[in-house]
Amino acid sequence: MSNYLKIGDRTLDGDQIISALIRYQLLETMVGQILIDEVLQNVPLSKQELFHTLFGNTEVPVPDDFDGFISQWCQLKGVTLDYFKSVVLRELQLQKFKQLRFGDQVESEFLRCKAEMDQVEYSLIQLTNLSLAQELYFQLRDDGADFAQLAQQYSVGRERLTSGWVGPVPLATLPIEVAALFRSEQIGTVYGPVPVADSFWVVRLERFTAARLTEATRADVINRLYNQWLQAQIRAMTQTPGTIAIQTNVPAEAVESEPLLSQTIPSQANERLPVAAH
């Protein structure tokens with residue numbers, strides 16, 4: 001008997017699911033997750049690693065009744081044991097893989113892209129009239145006019161709702177012309193009118209925060225490296241003829257019959273937890 005996927009009032013069979021993956025541009029995402037499943041087969045977790053990650057305390061010893069601990073954790077989180085094995089464990093394996101694969105590249109990658117991660121807060125007035133932009137610039141620079149008031153009155157962008165204040169935002173997300181001015185880190189300096197697309201910007205740098213290699217930044221860098229690696233793997237597979245194709249009459253032994261990570265959790269504290277099974 002064939003299986004169907006029901007979403008709301010729609011019911012999709014296998015062919016319709018394949019069509020939907022292509023139509024909604026989800027095929028590459030699925031390809032990437034399947035590639036990750038293959039990689040994670042070689043990234044086991046010990047009970048000790050799992051317990052300390054879930055419990056959040058590395059000083060507490062692994063309980064003798066580990067299965068009971070997992071059951072209690074699932075009850076507390078409101079998830080089933082099957083969900084724990086197929087989703088939670090997989091995510092923990094993925095985080096471990098990222099650390100193993102990219103952890104030693106963080107410092108060099110951070111230095112390479114540090115300029116993209118610096119953050120700024122600034123005041124902005126966007127205008128389409130060059131003469132008005134010049135007039136407001138001189139009022140701000142020479143007459144000490146109130147930036148917030150002028151932004152509320154004249155700016156044509158959404159920043160008028162925040163009295164012209166924008167940020168904090170990564171410096172790399174700003175137009176190149178504005179980012180180049182802010183790299184001087186001259187707090188309080190008014191710049192303008194700066195041509196940006198079809199408008200003219202009058203800006204003032206309020207705060208410059210140089211990126212530091214904190215734990216949060218380290219995680220961001222690792223995710224950046226991981227995403228670059230994954231996209232490269234996806235491209236390699238999708239561009240190789242014959243690796244992705246629609247087939248009929250696939251042998252039963254070639255089809256996965258169990259969810260990933262569906263085996264029983266081992267009972268010995270130092271045993272490795274199961275990884276993807278096919």
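Biologist: How many residues does the largest nonpolar core have, and which have the most contacts inside it?
Modeller: The largest nonpolar core of this predicted model has 20 residues, and those with the most contacts inside it are Ile36, Phe97, Tyr226 and Trp229. A nonpolar core here is a set of buried Ala, Val, Leu, Ile, Met, Phe, Trp, Tyr and Cys residues joined through side-chain atoms within 4.5 Å. Buried means under 20% relative accessible area, exposed over 50%, and partly exposed in between, with a 1.4 Å probe and protein chains only.

Biologist: What is Tyr226 in contact with?
Modeller: Leaving aside neighbours within four places in sequence, Tyr226 is in contact with Ile36, Leu94, Phe97, Lys98 and Phe102. Contact means heavy atoms within 4.5 Å.

Biologist: Turning to α3, which of its residues are buried?
Modeller: In helix α3 (residues 47-55), the buried residues are Lys47, Leu50, Phe51, His52 and Leu54. Their cover includes α4 (66-77) and α5 (81-102). Just after α3, Gly56 has a positive phi of about 80°.

Biologist: Which residues other than glycine have a positive phi?
Modeller: Gln25 is one of them, with phi of about 55°, and Glu185 is another, with phi near 60°. Gln25 sits in the loop between α1 (14-23) and α2 (27-40), whereas Glu185 sits in the loop between α9 (176-182) and β5.

Biologist: Why does Gln25 count as exposed, and why does Glu185 count as partly exposed?
Modeller: Gln25 counts as exposed because its relative accessibility is 69%. Glu185 counts as partly exposed because its value is 44%.

Biologist: Where are the cis peptide bonds?
Modeller: One joins Gly167 and Pro168, with omega about 5°, and Pro168 lies in strand β4 (residues 165-170). Another runs from Gly192 to Pro193, with omega near -15°, and Pro193 belongs to strand β5 (residues 190-196).

Biologist: Finally, what gives the most to the lining of the second largest pocket?
Modeller: Helix α10 (residues 215-238) does, with three residues. The lining as a whole has five nonpolar, four polar and two charged residues, among them Met117, Pro170, Arg212 and Asp220. For these classes, Ala, Val, Leu, Ile, Met, Phe, Trp, Tyr, Cys and Pro count as nonpolar, Asp, Glu, Lys and Arg as charged, and the others, Gly among them, as polar. A pocket is an open set of points on a 1 Å grid over the protein atoms alone, where a 1.4 Å probe fits, with protein on both sides within 12 Å along at least five of seven lines; lining residues have an atom within 4 Å of a point.

How values were computed. Residues are numbered from 1 along each chain as its sequence is written. This is a predicted model: local features need pLDDT of at least 70, side-chain atom pairs count only at pLDDT 80 or more; totals for chains, interfaces and linings use all residues. Side-chain values use heavy atoms; hydrogens and water are left out. Helices (H or I, at least four residues) and strands (E, at least two) are DSSP runs, numbered from the N terminus.
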